[in-house]
Amino acid sequence: MTTALVTGASRGLGAAIARRLAAQGRPVAVNYHSNAAAAAAVRDDIRATGGIAEAVRADATDAEDIARMCRTVEQALGGIDVLVLNATGPQPSIGIEALDRADVLAQLEFFVLGPLALVQAVLPGMRERRAGRIVFIGSEVVDLGVPESSAYVAAKAAQVGLMRSWARELGPDGITVNLVAPGFIPTDRHDDLPREELDDYARGVPLGRLGEPAEVAEAVAFLTSPASGFVTGQRITVNGGNTLT
């Protein structure tokens, strides 16, 4: 089994994805930026079930740090043939009048420039082996057009463009590129949200409930499995039908 690198995997969706990919039988690199203890817990959970995992620190927006991390992963676990672009940062609500260049660039750093550096770091090995799976973790906000979040929405929309273009460019090398777009999936970082807010969102979902991190992880697992070998350039929305039109 080939090695998977999951960015932002110390908690939330990233942790669920890392655990699920490890269950496929592949070594997993659990990337984190600051929470070493949480990343170590995910790594230990994987190892406790017989899997292979390492926790690797890197700033997923820093090209030099990313290159160093990828070298470390390849030395410890082998060539990276699965890359899950999950790392995220703060998503403040900022109205148009207050939005400035720095706010926009901060979102592009996480969702466009960081993923570019990560793909550039793993691409030589994928091309040499003529195999690779790249999966963006996007968001339903691209469809919803959430107000006071235009920088975030624009950066997430840019991921869709990257995914489609890269799928065409890398297809001849045997590399697939896809995107999973979750809806509002509560994780530990949402613990402070009022129950009423969660219930209000769930009422608008056709399936009548909130999603779970494991359901996002299953979509990623499919896109990185042999079963999806002829699937590329696709955006799979995991939100209970919340963006049906």
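This is a predicted model: local features need pLDDT of at least 70, side-chain atom pairs count only at pLDDT 80 or more; totals for chains, interfaces and linings use all residues.
Residues are numbered from 1 along each chain as its sequence is written, and side-chain values use heavy atoms, with hydrogens and water left out. Local features need pLDDT of at least 70 and side-chain atom pairs count only at pLDDT 80 or more, while totals for chains, interfaces and linings use all residues.

Trainee: Is Gln107 buried or exposed?

Mentor: Buried means under 20% relative accessible area, exposed over 50%, and partly exposed in between (1.4 Å probe, protein chains only). Gln107 touches residues including Tyr152 and Ala155; contact means heavy atoms within 4.5 Å. The relative accessible area of Gln107 is 6%, so Gln107 is buried.

Trainee: Which elements do the buried residues of helix 6 pack against?

Mentor: Helix 6 spans residues 150–170. Its buried residues include Ala151, Tyr152, Trp166 and Leu170. They pack against helix 4, strand 5, helix 5, strand 6 and strand 7.

Trainee: Why are the buried residues of helix 7 on the same side?

Mentor: The buried residues of helix 7 are Leu198, Tyr201 and Ala202. The arc is that of the directions from the helix axis to the C-beta atoms. They sit on the same side of helix 7 because they cover an arc of only 100 degrees.

Trainee: Which residues are exposed on the other side of helix 7?

Mentor: Helix 7 covers residues 195–203. Its other side carries three exposed residues: Glu196, Asp200 and Arg203.

Trainee: How is helix 1 placed to helix 8?

Mentor: Axes are lines fitted to C-alpha atoms, for helices over the stretch in contact, with angles from 0 to 180 degrees between N-to-C directions. These two axes come within 8 Å and cross at roughly 50 degrees. Under 35 degrees counts as roughly parallel, over 145 as roughly antiparallel, 65 to 115 as roughly perpendicular, and the rest as oblique. Therefore helix 1 is oblique to helix 8.

Trainee: How far apart are the axes of helix 3 and helix 4?

Mentor: Two packed helices are described by the angle between their axes and the distance between the axes. Helix 3 and helix 4 make contact through residues including Ala63 and Ile66 of helix 3 and Gly114 and Ala117 of helix 4. The angle is about 35 degrees, and the axes are 9 Å apart.

Methods: Helices (H or I, at least four residues) and strands (E, at least two) are DSSP runs, numbered from the N terminus. The expected span of a helix is 1.5 Å times one less than its number of residues. Lists of a residue's contacts leave out its neighbours within four places in sequence.
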